[in-house]
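Visitor: I've got a chain on the screen and a few things I'd like to ask. Could you walk me through it?

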Amino acid sequence: MKNNRIKRSSIPEFLEELQTYNQIIGIAEIARRYFAMNAFDGVLTTIGVLVGNYLAGVRDLSIPIRTGIATSIAMGISGLWGAYLTETAERRRELSELEKISLIDQSGTSIGRASRYAVIVVSIVDGLAPALAAIIVLIPLFLRDFIGDPILSYALAAGLALLSLFALGVFLGKVSKENLIAYGFKTLLAGLVAIAINFLLGAE
């Protein structure tokens with residue numbers, strides 16, 4: 001009973017602490033930016049995998065599935081590692097400059113803790129966003145037995161990729177408080193251009 005009370009009381013405290021860190025560093029804004037940017041990369045990269053396999057005449061969908069999963073894992077690890085190293089360097093630089101000005105060791109302060117937490121959150125978001133985006137696009141390929149036709153699976157996956165890009169654009173439009181549909185079409189256009197270029201390069 002005592003442990004349960006501790007857990008219940010610690011959760012609100014933890015959430016309050018997270019809110020404080022967010023106010024200090026702006027973690028939500030940074031994570032949101034990383035999420036949109038890397039999910040965008042994940043979708044476009046998977047479009048390349050799909051179109052490349054389709055043009056190569058691959059109808060065994062287990063091949064693009066394995067390629068897509070391997071690519072998503074690589075993007076996830078790259079994002080996680082890259083963001084961790086980059087954000088750690090940036091946060092240490094900022095803390096070092098603040099310590100020179102304030103003449104106070106910031107490692108044990110709220111700012112120091114917020115910086116360390118920001119590194120963890122941003123790294124996780126940076127790693128998960130492209131991997132999850134890629135997996136979502138591959139869903140029609142996972143359902144290949146239910147769909148039946150591999151070409152239809154490719155088409156549905158491409159459609160899902162374009163829909164995901166449009167949704168990301170709407171999300172960015174909401175963040176920037178600009179026209180949602182206009183932003184959606186801007187990101188959608190990137191996917192259409194990627195598909196068109198792949199088909200042009202793959203044409204005999």
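## A walk through the chain

Guide: Happy to. Buried residues make up 34% of the 204 residues in the chain, where buried means under 20% relative accessible area, exposed over 50%, and partly exposed in between (1.4 Å probe, protein chains only). This is a predicted model, in which local features need pLDDT of at least 70 and side-chain atom pairs count only at pLDDT 80 or more, while totals for chains, interfaces and linings use all residues. Residues are numbered from 1 along each chain as its sequence is written, and side-chain values use heavy atoms, with hydrogens and water left out.

Visitor: How many helices and strands are there in the chain?

Guide: Helices (H or I, at least four residues) and strands (E, at least two) are DSSP runs, numbered from the N terminus. Read from that end, the elements go α-α-α-α-α-α-α-α. The count is 8 helices and 0 strands.

Visitor: Is V121 buried or exposed?

Guide: V121 sits in helix α4, residues 110-137. Its relative accessible area is 18%, so V121 is buried.

Visitor: Which residues does V121 touch, leaving out those up to four places away in sequence?

Guide: Contact means heavy atoms within 4.5 Å. By C-alpha atoms, V121 and L80 are separated by 10.0 Å, though they lie 41 residues apart along the chain. With residues up to four places away not counted, V121 touches I27 and A31.

Visitor: What does E94 count as, going by its relative accessibility?

Guide: E94 belongs to helix α3, residues 62-102. The relative accessibility of E94 is 35%, so it counts as partly exposed.

Visitor: How far apart are the end C-alpha atoms of helix α7?

Guide: The expected span of a helix is 1.5 Å times one less than its number of residues. Helix α7 (residues 150-176) has 27 residues, so it should span 39 Å, and the end C-alpha atoms agree, at 39 Å.

Visitor: Which residue has a side-chain oxygen reaching a backbone nitrogen at the start of α7?

Guide: Further along, the buried residues of α7 include Y154, L162 and G169, and after the helix comes K177, with a positive phi near 60 degrees. At the start, the backbone nitrogen belongs to I151, and the oxygen comes to within 3.1 Å of it. That side chain is the one of D149.

Notes:
A polar contact is a pair of N or O atoms within 3.5 Å; within protein, one must be able to donate a hydrogen and the other to accept it, and residues adjacent in sequence count only if both atoms are side-chain atoms.
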